[in-house]
Amino acid sequence: MAVGAVAFVDRVSGSWLSGTSGNGEVPAQELAILRRLALASSVALFAVPAGLSLVTSPAVALPAGVATVCAAFLFSAVGSIALSRQRPASQAAEAIIVEHRDLMLQAAFGMVLLLDPQGNVTTVGGRDRAEFLSWMRDPTGRGLIEQIHVSDRIVFLQAIDVLRQGRDAICVDLRLERSAVIGFDAQFVHVRVELTARRDGEGRLTGIVSQLRDISQDQQLRDDAARKTAEAESANDAKSRFLAAVSHELRTPLNAILGFSDILSGEYFGKLENNRQREYVGLIRQSGAHLLSVVNTMLDMSKIEAGRYELLMESFSIEDSIATCEAMLALQAKEKGLTLSSRVQRGLGEIVADQRALQQVLINLVGNAIKFTDAGGAVTVDAALTDGMLKLSVGDTGIGIASERLASLGQPFVQIQNDYTRRYAGTGLGLSLVKGLVALHGGSFSIASAPGEGTVITILIPIDGSGVLAVEQPMDVNRPVDFPPRLKHTAEMSKGRKEEGMNGPAKAKIA
């Protein structure tokens with residue numbers, strides 16, 4: 001009889017569950033729930049009416065008890081089955097979350113570490129985990145901070161403190177120690193660590209996700225770039241020192257050559273026998289003067305690059321300087337068949353600058369214009385006042401400059417034409433010296449040119465000399481001066497020894 005009742009319950013329950021599941025299947029777990037509820041309800045069908053008959057008449061107790069039991073059975077069946085169907089969904093969602101977390105830990109680039117709020121490692125993952133663990137120890141617990149370079153540990157702890165104070169993410173570069181150095185491997189590996197905060201509902205830091213990436217090659221490139229920059233600066237300083245030394249050494253014999261050639265051309269100690277001798281003496285004098293001008297230009301360039309060129313600021317008439325330049329180069333322009341002219345704005349007045357430097361700028365610019373302009377051309381010099389700036393423009397109708405060469409002009413020893421095709425002599429220092437002198441005045445330098453049409457070079461400098469104050473370094477007039485003078489490094493060594501003697505016992509005591 002019991003077996004028949006169970007079969008009847010299974011048949012009725014299966015029919016009902018197959019209609020409510022949506023796929024026609026009858027889960028065994030739900031069928032077992034209905035069996036237990038049916039068993040409990042069968043017992044309650046007798047117990048509940050009997051209990052109600054004690055407080056009311058049997059005619060009322062029987063239908064009320066049966067209705068109560070049936071209602072309780074239905075509510076219990078529907079609720080239990082609904083709960084059983086929701087529980088697997090929540091478990092599946094939790095499983096998906098765990099799966100995604102594991103996927104992130106396994107597939108993320110580099111090595112991924114999960115840290116607690118104190119910076120201790122709780123989980124290790126990442127696509128490159130095996131590669132990192134091949135040269136470092138297991139970072140679980142405090143294993144990470146113990147492998148960080150001593151001077152970088154404070155950076156790591158400060159980054160964690162920044163996250164603790166409310167920041168969401170931070171990136172730091174650290175050095176991790178190798179567990180074993182093999183061959184030519186460096187003792188420390190440079191890594192970039194991306195730290196991301198994990199917070200609870202109240203914003204408190206509950207954990208940190210860190211991602212480590214090896215940047216040893218990037219750091220090597222930066223170190224190589226810094227080393228090459230230092231070498232280039234050292235080579236440039238050596239070049240400047242070499243130019244200064246060579247210039248000084250060349251000026252002494254050149255002065256002798258010029259002096260004795262002047263004596264010979266003046267025939268102070270006897271007349272020359274023929275005109276050819278006089279011509280040769282004149283060529284010696286001319287070549288010596290040209291070489292001396294080149295040496296002086298090299299010396300000025302070395303002074304500018306070394307920061308030792310001193311400007312003597314004074315008030316003078318720019319119109320007089322332009323007239324002097326014209327008088328010096330007029331014969332050269334006439335011999336080439338050129339027209340040299342100037343235009344100065346009326347009422348320009350005087351300016352404040354280094355007259356010798358500005359005179360040299362004009363001579364170099366006009367001399368270049370004459371050199372690169374063929375017969376029948378024209379060279380003009382314009383001076384005007386523009387917004388408190390002196391505008392000097394030197395234009396010509398010469399060979400011009402290609403646009404791709406404009407950027408390189410003004411660099412030392414750079415010329416318009418190459419060594420095999422150029423028709424014009426020169427060292428390539430003229431424009432470089434001009435740019436340096438203009439920069440010392442706090443001015444600007446620009447070139448506009450087109451091949452076959454000519455060139456216009458424009459410079460702008462403050463008319464009141466105010467640009468020089470921004471360039472020069474201020475001097476401390478209250479600084480005591482050593483006498484007799486001592487070398488800088490000797491004074492620093494003496495000062496260091498004095499401080500070491502004063503602070504030595506204190507350092508030892510602290511240690």
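Let's start with charged pairs: a search of the whole structure finds 12 salt bridges, each being a side-chain nitrogen of Lys or Arg within 4 Å of a carboxyl oxygen of Asp or Glu. Keep in mind that this is a predicted model, in which local features need pLDDT of at least 70 and side-chain atom pairs count only at pLDDT 80 or more, while totals for chains, interfaces and linings use all residues. Residues are numbered from 1 along each chain as its sequence is written, and side-chain values use heavy atoms, with hydrogens and water left out.

One of these salt bridges joins Arg192 to Asp173, with 2.7 Å between the closest N and O atoms. This pair links distant parts of the chain, for Arg192 sits in strand S4 (residues 188–199) and Asp173 in strand S3 (residues 169–177), 19 residues apart. Strands here are DSSP runs of E with at least two residues, helices are runs of H or I with at least four, and both are numbered from the N terminus. How accessible are the two partners? Arg192 is partly exposed, with a relative accessible area of 22%, and Asp173 is partly exposed too, at 39%. On this scale, buried means under 20% relative accessible area, exposed over 50%, and partly exposed in between (1.4 Å probe, protein chains only).

Next, look at Arg343 and Asp382, whose side chains meet in a salt bridge at 2.8 Å, N to O. Arg343 belongs to strand S7 (residues 339–344) and Asp382 to strand S9 (residues 378–386), so the pair ties together parts that are 39 residues apart in sequence. Arg343 counts as exposed at 54% relative accessibility, whereas Asp382, at 22%, counts as partly exposed.

Salt bridges that share partners also join Asp200, Glu202 and Arg204 into one network. Within it, the closest N and O atoms of Glu202 and Arg204 are 2.2 Å apart. Glu202 is exposed, with a relative accessible area of 62%.

Now for helix H9. At the start of H9, a side-chain oxygen of Asp354 reaches to within 3.1 Å of the backbone nitrogen of Arg356.

Why is H9 described as largely enclosed by the rest of the structure? The reason is that 12 of its 17 residues are buried, among them Leu358, Val361, Leu362, Leu365 and Ile370. The polar residues Gln359, Gln360 and Asn364 are on the buried list as well.

Key:
A polar contact is a pair of N or O atoms within 3.5 Å; within protein, one must be able to donate a hydrogen and the other to accept it, and residues adjacent in sequence count only if both atoms are side-chain atoms.
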